[in-house]
Amino acid sequence: MVAAESLQQAMTLLAREPGAWLPIAGGTDVMVLYGAGMLRARKLVSIWNLRELRGITETPAELVIGAGCTYTDLRREPVIAREFPLLAHAASWTGGIANQNRGTLGGNIANASPAADSLPALLAYDAELALASVRGERRVAYRDFHLGYKKTAMVADELIRAIYLPRKYSGYFSYARKVGARQAQAIAKVAAAGLGLMVDGVMRDVRIALGSVAPVPVRLRKLEAALNGKTSDAISAEELRRLVAEEIAPIADIRSTAEYRGAVAGNLVAEFVAQLCASEANQPRTEVNDLLARWNTLEREEAAREILPCCGARAWADGMVRRRPFGGVGELLEAAREVWHGLTAADWMEAFRSHPRIGESRPAGAATAKSRQWSSEEQRRVSASAEEVKGALAEGNRSYEQRFGRIFIVCATGKSPSEILQILRRRLQNDEAAEMREAANEQEEITQIRLRKWLGE
Ligand SMILES: Cc1cc2nc3c(=O)[nH]c(=O)nc-3n(C[C@H](O)[C@H](O)[C@H](O)COP(=O)(O)OP(=O)(O)OC[C@H]3O[C@@H](n4cnc5c(N)ncnc54)[C@H](O)[C@@H]3O)c2cc1C
């Protein structure tokens, strides 16, 4: 076995003798095969220590997970728990602690078992993989990667370098279940990952992925199409089970019979749909709430004044007023995003200036009393933090303002002061265009949270 010192060295070995070398990351699958005498005599190249394969980075649009990240790495990362709970669940129930410290996401994908725990989550989130070789890098949608039982689209000289997840599911209802002999330390008999939105009592963008019910993990595309646009009462649990059975091809093996797998898959999907339909109570309510109904009828100037503190940019408030009346809170939240992204950079700057610096209480520009009150609530954890962290944040704010000429904007709700400090330091490395986008996305989230507060949702 050779321990590669760089990704380039590993890729060069794979390219020099295609098929002769087998990459080994954590070794939790490879060593089992080796122990069972089933590893075809090949040379091993260890990619375990490669820096290029580790680390989780955020861009405004995507989360990038190095293929060498372990389940422990995934479990420790707050952005995964917050935005990709299906993957966080899968990481938590993969093997035991030792396995989680060693097993990698890239290894789980490349090993291509239909029962692998992380794969339904990757399908549901429309993950993409970066496949690297000495010939260059290509990006492949995960749905096109897994071609058949233990067969993938990766060719002999390629490695999985990273996994890309689009950051657009934070408002979705999510459902993750693994049915096995036990929850952990057992291979799944059936695993399910479900995502979806309820908007005004109607299902939207439903995504259902199942593992262990076909030679590859599957998305139930026909069922998804049948559910999208429907209300909760439009389709019975019995009909759901029938539609699931049409789209899967479970096998019988030592762990389970095909009938059992089929029945469990139907039950899990029925449970997901029932919970999705009931989830609206926990999401922004979309029936016209009393405050919104009243706001819909206010005179223009008054309506703009009332909604302005949610964002801070006058052009945004005017844009929202022009779009009235809103039929529900969901509609209002969607419009808020659209109007925000249609504004000029000068409007964005006006919104940014309505916030105090992180760790301070006075905004640089104009702000209403309501906006100041919300800012102080949003920054409560920062205000209560140790002087040392506050000092580091003040220093970071100064560097940021010197570099970008405006205040640092971050959605502080739910973030610890040290997390904010980490984000600030990372964003100091951005170029101007990327940073402006990131700041705008943070403001968008702040606005969404404030709109819900304003309407008492
Ligand atoms: C006790 C035990 C319990 C387990 N429980 C579970 C479980 O509950 N759920 C589950 O899904 N799995 C489970 N597994 C399987 C295994 O831990 C996972 O599949 C793990 O993610 C494999 O990662 P690894 O880094 O150890 O892969 P390795 O064993 O190093 O490699 C596996 C395969 O992937 C290839 N590979 C690895 N990294 C790359 C890369 N970056 N690019 C290209 N190819 C690569 C290797 O060449 C090899 O073919 C368990 C295994 C054990 C031993």
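The structure is a predicted model, in which local features need pLDDT of at least 70, side-chain atom pairs count only at pLDDT 80 or more, and totals for chains, interfaces and linings use all residues. Residues are numbered from 1 along each chain as its sequence is written. Strand 6 (residues 128–133) and strand 7 (residues 136–141) pair in the antiparallel sense over six bridges, where pairing requires that DSSP finds at least two bridges between two strands. Two residues lie between these strands, which form a hairpin. Strand 6 also runs antiparallel to strand 10, to which five bridges join it; Ala130 has Ala162 as its bridge partner in strand 10. Helices (H or I, at least four residues) and strands (E, at least two) are DSSP runs, numbered from the N terminus.

Strand 10 (159–166) is also among the elements that each supply at least two residues of the shell around the ligand, together with strand 2 (21–24), helix 2 (30–35), helix 6 (97–102) and helix 7 (105–111). The ligand is surrounded by 28 residues, the closest being Gly26, Gly103, Gly106, Gly107 and Asn108; a residue is near a molecule if its C-beta atom, placed from the backbone, lies within 6 Å of it. Helix 7 provides the largest share of the shell, five residues. The shell comprises 13 nonpolar, twelve polar and three charged residues, with Ala, Val, Leu, Ile, Met, Phe, Trp, Tyr, Cys and Pro counted as nonpolar, Asp, Glu, Lys and Arg as charged, and the others, Gly among them, as polar.
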